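Here is a short briefing to read beside the structure. We begin with a pocket, move on to the ligand, and finish with a few backbone details.

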Amino acid sequence: MELNERQKKIIEITKENGPITGEQIAEKLNLTRATLRPDLAILTMSGFLEARPRVGYFYTGKTQSQLLTDKVKKMTVKSYQSIPVVVEESASAYDAICTMFLEDVGTLFVVNKDGVLIGALSRKDLLRASLGNQDLSAIPISVIMSRMPNITYCHSHDLIIDVAKLLIERQIDGMPVVKETDKGLEVTGRLTKTNVTRAFVELAEGQFD
Ligand code: ADP
């Protein structure tokens with residue numbers, strides 16, 4: 001984030017004199033408190049300054065990169081996840097292809113009759129099954145999907161950065177967000193490379209606070 005000249009001056013004043021009230025900062029800059037209000041708000045929101053009621057502003061001592069790390073550590077799956085698209089294990093490869101087109105997703109999560117996660121099905125799994133002129137409506141997805149316990153999943157409270165690392169490590173496009181139940185893992189969401197990209201753009205544009 002780019003600070004303007006006045007904001008830089010406010011940081012310097014607070015570094016040397018903090019804790020210091022908004023009034024006092026304004027005096028030192030020969031400005032009114034009202035004129036400074038937006039700058040002080042920006043500096044507190046972005047973490048450069050901290051405001052203590054009845055005490056004043058003080059400099060947090062955090063660098064730009066520490067502040068960025070703080071923000072990344074607040075970005076959790078819950079805020080960026082999408083709605084999951086699940087299919088039952090009895091579905092055929094043909095059904096799965098239709099669902100992928102209709103729902104516009106690249107990965108389907110496969111559940112059993114109880115709604116418990118048992119597998120994942122990607123575009124390439126379906127392409128592989130289509131090689132060799134087979135009848136796709138006769139191929140059950142349960143024989144072509146990747147299955148538990150080899151499915152990588154995450155929880156809604158996990159950090160986006162940790163999920164992003166898993167996506168790279170495991171070379172997959174997405175994973176189910178799950179919740180533990182008595183029966184097994186219930187799929188509650190979907191976290192894909194697109195969600196991570198969106199989180200990255202928000203971070204760069206400073207919309208995340
Ligand atoms: P594609 O195969 O279309 O490029 P992926 O890279 O996501 O898509 O999938 C690669 C392989 O990993 C596929 O065989 C797929 O079944 C499997 N896969 C996809 N998602 C997961 C997951 N969350 N956990 C484990 N395996 C997965």
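Helix α7 gives the lining of the largest pocket its largest share, 4 residues. The model is predicted, so local features are held to a pLDDT of at least 70 and side-chain atom pairs to 80 or more, while totals for chains, interfaces and linings use all residues. Residues are numbered from 1 along each chain as its sequence is written, and side-chain values use heavy atoms, leaving out hydrogens and water.

**The largest pocket**

- A pocket here is an open set of points on a 1 Å grid over the protein atoms alone, where a 1.4 Å probe fits, with protein on both sides within 12 Å along at least five of seven lines; lining residues have an atom within 4 Å of a point.
- The largest pocket holds about 500 Å³ of space, a volume being the space filled by probe spheres set on the points, which are joined across faces, edges and corners.
- Its lining counts 22 residues, and S122, S146, Q171, I172 and D173 lie nearest the centre.
- At least two lining residues come from each of β4 (107–111), β5, α7 and β7; helices (H or I, at least four residues) and strands (E, at least two) are DSSP runs numbered from the N terminus.
- By type, the lining divides into 7 nonpolar, 8 polar and 7 charged residues, with Ala, Val, Leu, Ile, Met, Phe, Trp, Tyr, Cys and Pro as nonpolar, Asp, Glu, Lys and Arg as charged, and the others, Gly among them, as polar.

**The ligand**

- The ligand takes up the space of the largest pocket; to sit there, more than half of a molecule's atoms must lie within 2 Å of the grid points.
- Around the ligand are 15 residues, of which S122, D125, S146, T152 and D173 come nearest; a residue counts as near if one of its heavy atoms lies within 4 Å.
- β5 (117–122), α7 (123–130) and β7 (174–180) each bring at least two residues to this shell.
- A ligand oxygen is 2.8 Å from a polar backbone atom of D173, and a ligand nitrogen is 3.1 Å from one of G174; polar contacts are pairs of N or O atoms within 3.5 Å.
- The protein buries 84% of the 540 Å² that the ligand exposes when taken alone, by the Shrake-Rupley method with a 1.4 Å probe.

**Backbone details**

- G18 and P19 are joined by a cis peptide bond with omega near -5°, and P19 lies in the loop between α1 (5–17) and α2 (22–28).
- The M148 to P149 bond is also cis, with omega about 10°.

Note on methods:
Polar contact = N/O pair within 3.5 Å; in protein donor to acceptor, adjacent residues only side chain to side chain.
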